[in-house]
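Dear colleague,

I am passing on a structure that I have been going through, and I would be glad if you could look at it alongside the notes below. Please keep it open while you read.

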Amino acid sequence: MFLRLRRLLLQAKLPALLCVMLLGLSGCFLFGGGGDDSEEIVDPERAVSQDFVTTFQVGQTLKEAGHVDEALLIFYEALAQDSTGYGASKCWDAIGDIYLDDGQYKKAFEAYQTVMTNFTVIEDSVGVEMKIKFVQTALLVREERLKVAKEGPTKN
């Protein structure tokens, strides 16, 4: 897995320092950890492996750098590591965001719908619901514009 990540990062031409820093980070910033582990109570529904956290962070970095195709591959790879838990809901949300930004509203809707229907632990369910409403509205607007475009100009 790490060889594939390394190859994608090299192909994306991201600065090596950024990659080293990213891989050196712990998941506490992303997944709300931190503090002394001996005293911390971990919600078992939010537990994810360090491999998943690293993979997810690489996907986020690629997404933020504008390499969305590579980011999608990494997010799907992360889903293979955690397909039913807290991490998977974050992946599906990130995948939906990529499709939303790209104007692929049907795929974005499917990704967000997966988050809402398949997972009980969602970090930002209100935000995901708002994204679903936005995507539904965008689909309606697009359909209406296509309908008007097919009808052609109207005579008054």
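With which residue does lysine 131 form a salt bridge whose closest N and O atoms are 2.8 Å apart? Before I answer, please bear in mind that this is a predicted model, and that what follows is computed from it.

The partner is aspartate 97, which forms a salt bridge with lysine 131 at 2.8 Å between the closest N and O atoms. Because lysine 131 lies in helix α8 and aspartate 97 in helix α6, this pair ties together parts that are 34 residues apart in sequence. The salt bridges that share partners join Lys63, Asp93, Asp97 and Lys131 into one network, and the count of salt bridges comes to three.

Another of these bridges runs from aspartate 97 to lysine 63, with the closest N and O atoms 3.8 Å apart; since aspartate 97 belongs to helix α6 and lysine 63 to helix α4, this pair, too, ties together parts that are 34 residues apart in sequence. There is also a bridge between aspartate 93 and lysine 131, where the closest N and O atoms are 3.0 Å apart. That pair links distant parts of the chain, with aspartate 93 in helix α6 and lysine 131 in helix α8, 38 residues apart.

As for accessibility, aspartate 97 has a relative accessible area of 15%, and so it is buried, the cut-off being under 20%. Aspartate 93 is buried as well, with a relative accessible area of 18%, whereas lysine 131, at 22%, is partly exposed.

Helix α6, which covers residues 86–101, is mostly covered, with 14 of its 16 residues buried. Its 16 residues should span 22 Å at 1.5 Å a residue, and the end C-alpha atoms are 23 Å apart, which agrees. Glycine 103 follows α6 and has a positive phi, near 80°.

The largest nonpolar core has 28 residues, and those with the most contacts inside it are Phe75, Cys91, Ile95, Tyr112 and Val135. Helices α4, α5, α6, α7 (105–118) and α8 (125–151) each supply at least two residues of this core, while its largest share, seven residues, comes from α6. In soluble globular proteins, nonpolar side chains tend to be buried together.

For valine 135, leaving aside its neighbours within four places in sequence, the contacts are Leu100, Tyr105, Ala108, Phe109 and Tyr112. Glutamine 113, which is found in helix α7, is partly exposed at 29% relative accessibility. Between glutamine 113 and glycine 96 the C-alpha to C-alpha distance is 9.2 Å, although the two are 17 residues apart in sequence.

**The aromatic cluster**

The count of aromatic pairs comes to three. One of them is formed by phenylalanine 52 and phenylalanine 56, which are stacked, at 6.0 Å centre to centre and with 25° between the planes. Both of these residues lie in helix α4 (residues 50–64), where they are four residues apart, about one turn of the helix. Phenylalanine 52 is buried, with a relative accessible area of 0%, and phenylalanine 56 also counts as buried, at 2%.

Because phenylalanine 56 lies in helix α4 and phenylalanine 75 in helix α5 (residues 68–81), the pair ties together parts that are 19 residues apart in sequence. Phenylalanine 75 is buried, with a relative accessible area of 0%, and it is among the residues with the most contacts inside the largest nonpolar core.

With best regards

Definitions and conventions. Residues are numbered from 1 along each chain as its sequence is written. This is a predicted model: local features need pLDDT of at least 70, side-chain atom pairs count only at pLDDT 80 or more; totals for chains, interfaces and linings use all residues. Side-chain values use heavy atoms; hydrogens and water are left out. Rings of Phe, Tyr and Trp (its six-membered ring) pair if their centres lie within 6.5 Å; planes under 30 degrees apart count as stacked, over 60 as edge-to-face and the rest as tilted. Buried means under 20% relative accessible area, exposed over 50%, partly exposed in between (1.4 Å probe, protein chains only). The expected span of a helix is 1.5 Å times one less than its number of residues. A nonpolar core is a set of buried Ala, Val, Leu, Ile, Met, Phe, Trp, Tyr and Cys residues joined through side-chain atoms within 4.5 Å. Contact means heavy atoms within 4.5 Å. A salt bridge is a side-chain nitrogen of Lys or Arg within 4 Å of a carboxyl oxygen of Asp or Glu.
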